[in-house]
Amino acid sequence: MPAPRISFEFFPPQSLEASFRLWDTVQTLAPMKPEFVSVTYGAGGTTRKLTHDAVTTIHKNYGLNVAAHLTCVDASRDETMEIVNAYAEAGVTEIVALRGDPPKGQSGFTPHPDGFADSAELVAALAETGKFNIRVGAYPDPHPEAKTGGDDVRWLKKKIDAGASSAITQFFFEAETFFRFRDACEKQGIDAPIIPGILPIDNWSGVRKFAARCGAHIPAWLDDAFEAAARDGREELLSAAIATELCSDLIDGGVEDLHFYTLNKPHLTRDICHSLGVQPGMILENVA
């Protein structure tokens with residue numbers, strides 16, 4: 001089985017302890033030679049400055065290809081494009097363009113009066129600059145706001161047509177979920193790469209709650225497996241085995257790229273990459 005190309009998602013720190021955890025994560029995973037790494041935005045754009053600082057620091061100190069998350073939430077077009085220009089000036093050439101989650105306390109997304117109405121509009125504005133490789137999100141399981149079964153495919157096509165070059169999926173638990181979505185996208189004429197998003201399960205209870213909120217299908221066998229593993233303290237072994245098998249099934253089905261949601265906890269992701277034949281290169285010595 002050929003080793004896949006890999007990429008990682010980090011989130012920006014909001015405390016001194018979290019800062020150490022982020023830099024430990026980057027230091028641990030950078031030797032895996034990822035194609036790119038991405039840094040998230042908090043809900044409602046709450047980590048806008050932190051995201052910018054993390055992106056530019058990783059880019060400068062680690063020599064990694066960093067993709068900055070950018071959302072439409074709670075910002076005017078001018079404010080959003082100011083952030084975009086700052087990234088360009090810092091040498092960042094990749095952006096993950098997303099609509100974004102609504103601010104805390106709001107039940108749904110409401111566009112800023114002077115902002116982008118949706119992620120497709122944001123992608124179009126980014127594409128017009130000609131300065132970025134633009135990635136977008138995709139949903140193998142129906143997005144909670146999807147009204148029909150085909151909405152997620154149609155929205156992805158709209159974003160690709162607006163100028164996005166590839167998509168990264170929400171996490172899922174079974175390879176068949178991804179393959180069904182990939183087939184549906186191909187039928188709609190989407191030929192841009194769709195990269196599966198992989199979430200190593202560090203804590204099943206927390207992941208289960210998150211999956212329920214974002215619409216990811218939760219197979220019953222996972223509940224049973226983690227309940228049994230918890231009785232004898234084998235949750236981490238189970239998590240590594242499940243993620244490795246999922247990745248292997250995807251690779252067997254023709255997938256060449258995998259994107260790992262690290263949650264700034266690097267060791268499980270590192271072990272899974274090792275199991276897939278991804279060999280570390282030179283350890284980087286720079287620190288933030």
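**Spaces and salt bridges**

Author: In this predicted model, there are 2 cavities of 30 Å³ or more.

Reader: What is the volume of the largest cavity?

Author: Rolling a probe the size of a water molecule over the atoms shows where empty space is left. For the largest cavity, the volume comes to about 90 Å³.

Reader: Which helix gives the most residues to the lining of the largest cavity?

Author: The lining of the largest cavity includes Phe172, Phe173, Trp221, Leu222, Ser239, Ile242, Ala243 and Leu246, among others. The elements that contribute two or more residues to this lining are H8 and H9. With 4 residues, the one that gives the most is H9.

Reader: How many charged residues are in the lining of the largest cavity?

Author: Sorting the lining of the largest cavity by class puts 11 residues in the nonpolar group and 1 in the polar group. In the charged group, the lining of the largest cavity has no residues.

Reader: How far apart are the C-alpha atoms of Phe173 and Ile218?

Author: Ile218 is one of the residues in contact with Phe173, although the two are 45 residues apart along the chain. The separation of their C-alpha atoms is 7.1 Å.

Reader: How many charged residues line the second largest cavity?

Author: About 30 Å³ of space lies in the second largest cavity, and its lining is made up of Pro200, Asp202, Tyr261, Thr262, Leu263 and Lys265. By class, that lining has 3 nonpolar residues and 1 polar residue, and the number of charged residues is 2.

Reader: Turning to the pockets, which element gives the most residues to the lining of the second largest pocket?

Author: The second largest pocket holds about 380 Å³ of space, and among its 24 lining residues the closest to the centre are Ala192, Pro193, Ile194, Ile195 and Asp257. Two or more lining residues come from each of strand E1 (5-10), helix H6 (175-187), strand E7 (194-198) and strand E8 (257-261). With 4 residues, the element that gives the most is H6.

Reader: Which residues are linked with Arg5 in a network of salt bridges?

Author: A search of the whole structure finds 11 salt bridges, and in one of them Glu256 pairs with Arg5, the closest N and O atoms being 3.2 Å apart. This pair links distant parts of the chain, 251 residues apart, with Glu256 in the loop between helix H9 (235-252) and E8, and Arg5 in strand E1. In the network, the residues linked with Arg5 are Glu256 and Asp257.

Reader: Why does the salt bridge between Arg77 and Glu121 tie together separate parts of the sequence, and how many residues apart are they?

Author: The side chains of Arg77 and Glu121 meet in a salt bridge at 2.6 Å, N to O. Arg77 lies in helix H3 (residues 77-89) and Glu121 in helix H4 (residues 119-129), so the parts that the pair ties together are apart in sequence by 44 residues.

Reader: Is Asp223 buried or partly exposed?

Author: Asp223 and Arg208 meet through their side chains in a salt bridge of 2.8 Å, N to O. Asp223 belongs to helix H8 (residues 220-231) and Arg208 to helix H7 (residues 204-214), so the pair joins parts 15 residues apart in sequence. Because the relative accessible area of Asp223 is 24%, and buried means under 20%, Asp223 is partly exposed.

Note on methods. Residues numbered from 1 in each chain as written. Predicted model: local features only at pLDDT ≥ 70, side-chain atom pairs only at ≥ 80, totals over all residues. Heavy atoms only, no water. 1 Å grid on protein atoms, 1.4 Å probe; cavity = no way out; pocket = protein on both sides within 12 Å on 5 of 7 lines; lining within 4 Å. Points joined across faces, edges and corners; volume = space filled by probe spheres on them. Salt bridge = Lys/Arg side-chain N within 4 Å of Asp/Glu carboxyl O. Buried < 20%, exposed > 50% of the residue type's maximum accessible area, 1.4 Å probe, protein only. Nonpolar A, V, L, I, M, F, W, Y, C, P; charged D, E, K, R; others polar. Contact = heavy atoms within 4.5 Å. Lists of a residue's contacts leave out its neighbours within four places in sequence.
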